[in-house]
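This briefing concerns a predicted model. Please examine the sequence and structure shown below before reading the points that follow.

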Amino acid sequence: METYQFNFQAMGCPCELRLAAADRSLANEVAVICTSETQRFESKYSRYLTDSVTSRVNNASGLHPVTIDPEVAAILDYSGVCYVQSEGLFDITSGVLRQLWNKNMRRLPTDSELEFYLDKVGWKKVEISANEVFLPIKGMQLDFGGVVKEYVADVLAAKARSMGIEHGLINLGGDICIIGPQPDGTPWSIGITHPTEGNSAIAVIELSEGAVTTSGGYERYFDIDGLRYSHLINPETGWPVEGLLSASVAAPTSIVAGSLTSIALLKTPEDGIRFLEECATPYFAVDQQLGCHGNLGEVCHA
Amino acid sequence: MAKPNPFLALSTAAMALPAFAAPQPVETIVAIKATTYQEEDVPQRDVLAGSDERYKIDIAQFRLLTPVGEKWSLGVDVAYETMSGASPWGTIMGADGEASLIMSGATIRDKRTEVSLTATHHGESRSISVDLASSDEDDYEARAVSISGEWEMNNKLSTLSLGVSYSSDDIEPTDALRFGRVQREEKISRSLSAGWAQVLNKNSVVHVGLDVTDHDGYLSDPYKLRDVRPDEKLEWALSLKYRRYFDNQNAALHLDYRYYNDDWGINSHTFHTGWHQNFGDNVRVVPNVRYYSQNEADFYRGTDDFGLATTINQSSDFRLSGYGAYTLGVKLIYSALQWDVSLSIDRYISDKSYGHDASDQSHPALLSFNMTSFGLNFRF
């Protein structure tokens, strides 16, 4: 049995499939299904594509409700649970605040600008019925970026399994699903990127089943007046978060692992670690002083 | 109340996402069920001869459903029934001008064993099942085979189902020589079914189904004194089902309607509605009402006519008469982590006046019955 590797770009990040199969044709078939499924999700949920459901909902903000199918409804329901469990920090309506915090702004927002955009943020303002969603304020936006990519990793793992893959790894930009150990029975090794030293690993995680996801404030950031700001924004204050540099969580599914890492990163470092401890699921976190926390993986020593 | 662990809260919520709704069973289910079915006695004044005690049936059922490998599942169903009581042999015009019943005399005792095996192959978005079934009684043997498939489409919003089945039944009436009954007869049935289920939104589903069945062979009741039916019957039925879940009430409404028609002249309507109310995570209560109505068959007679040639169709079977029936029932289900316990009680009453065709003749054998079931499911 051989392991075949497929690399592609989707949902704004590098994606990787490693599929162990008796022959290349099965691996190819699975890869075709997985890439087309990824594209289906991307075209359905991307906020950059004008005919995506996300764009249709966003463009109808303040105007009228938009009909949604059960998959969208289920993802919205799940996002609502994330909102509650994060006590309001994980909010799929907070993306609009990126208008204030991006590389091109080069200045801090004014209070009136903050007020203007904060008015358009708030999961609780979203009106959801059985088959419709409505953003009541003109300019409100949904952004499934923090949910769909993680979910797609689970979907691809389930597809690959149903097609007969028993050893494999799905990696969608750091959201990783494992389908059994490597063909020789050894676990897969997953490196956690060092938050400040781009190409090296700060820790290595060994996993044979389930999922692991990593989020880092270091991934995307911008500097204003010599200060560095993370792309993660607190939806209540409208200001970027100064939280953990990186968090990884292992869980049976990528969507749950991903939600937990995202929530941990939106909190202060202390609260983030407390939250991960409370979840009682394996985690690895790096604080702002590069201190390592958690029981997941082996820390690499330089 | 302690705040739930966020990991558990999110894991539970994630299970509602479509990717985690596993089509093939991932656990083994063992179920047992005991049912008592008791028909009420016929009023003594309606019986000319024979016993007024009607059927009592005790049913024990066993079911095993288990995954075999990653793509197959196997189901085994076994049912064992013991029946006792008397059944109507015929009707005759009584002294008061109303139809009177001739019932079987001494209590009939019989037992029936039914076994069925189902193998299902679960594919990416379709499943195919093959089912073999056999039923044995002292005087009746039935063998059936069926093949059915389900295909999910439109992003799992629609499901098409198609099925074919074939059954061959042999009947060898007891005491055939003594009562001049047929000694051995057979019947063949073939049916086709098609269905379409459509998810309308996250809380409601509608299902439309069409069934056509053709029976060929000996279709009369050999125990009746005079029962001559056509040796062919073509029947078809259209069914509509609607399921609606209500988030706020934590409950679901089931609304079903079925229209049936056959070339013996019977049309029937069945309405069935149930309210599935959950109380917390463990308890479900399902009150339900069923209404059924049919008109009589073309060759139905209120009283047997022994003056007619035996080649002319006639039957006084109450099941071919025009009538209506109500069933009121309630089911209670308690679910623990691996166990479900259920209890259901149903009361059935029927009468000519409940039916939709007022011109039909009444039948004294129209029955009432009570049915109680107790079931246990175990998953592992």
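In this predicted model, β3(A) pairs with strand β5 (residues 132–134) of chain A in the antiparallel sense, over two bridges. Within this pairing, A:Val66 lies opposite A:Val133 of β5(A). The points below cover the sheet and then the contact between the chains.

**Sheet in chain A**

- The sheet is open and has three strands, in the order β3-β5-β4 (chain A), with antiparallel pairing.
- β3 (66–67) and β4 (127–128) of chain A are at the edges; each has a single partner strand, so one side of each is left without a neighbour in the sheet.

**Extent of the interface between chain B and chain A**

- In chain B, 25 residues are in contact with 38 residues of chain A.
- The two chains, B and A, bury about 2,500 Å² between them, and 67% of this area is on carbon and sulfur atoms.

**Polar and charged pairs across the interface**

- Zero salt bridges are counted between chain B and chain A.
- Three residue pairs are in polar contact between chain B and chain A, counting pairs with both residues at pLDDT 80 or more.

**The side of chain B that touches chain A**

- α1 (6–14) and β11 (185–201) of chain B each supply at least two residues of this side.
- The largest share, seven residues, comes from α1(B).
- By class, the side of chain B that touches chain A consists of 15 nonpolar, five polar and five charged residues.

Key: Residues are numbered from 1 along each chain as its sequence is written. Chains are lettered from A and ligands numbered from 1 in the order in which they are written. This is a predicted model: local features need pLDDT of at least 70, side-chain atom pairs count only at pLDDT 80 or more; totals for chains, interfaces and linings use all residues. Side-chain values use heavy atoms; hydrogens and water are left out. Contact means heavy atoms within 4.5 Å. Buried area is the accessible area (1.4 Å probe) that two parts lose on being put together, summed over both. A salt bridge is a side-chain nitrogen of Lys or Arg within 4 Å of a carboxyl oxygen of Asp or Glu. A polar contact is a pair of N or O atoms within 3.5 Å; within protein, one must be able to donate a hydrogen and the other to accept it, and residues adjacent in sequence count only if both atoms are side-chain atoms. Helices (H or I, at least four residues) and strands (E, at least two) are DSSP runs, numbered from the N terminus. Ala, Val, Leu, Ile, Met, Phe, Trp, Tyr, Cys and Pro count as nonpolar, Asp, Glu, Lys and Arg as charged, and the others, Gly among them, as polar. Two strands pair if DSSP finds at least two bridges between them.
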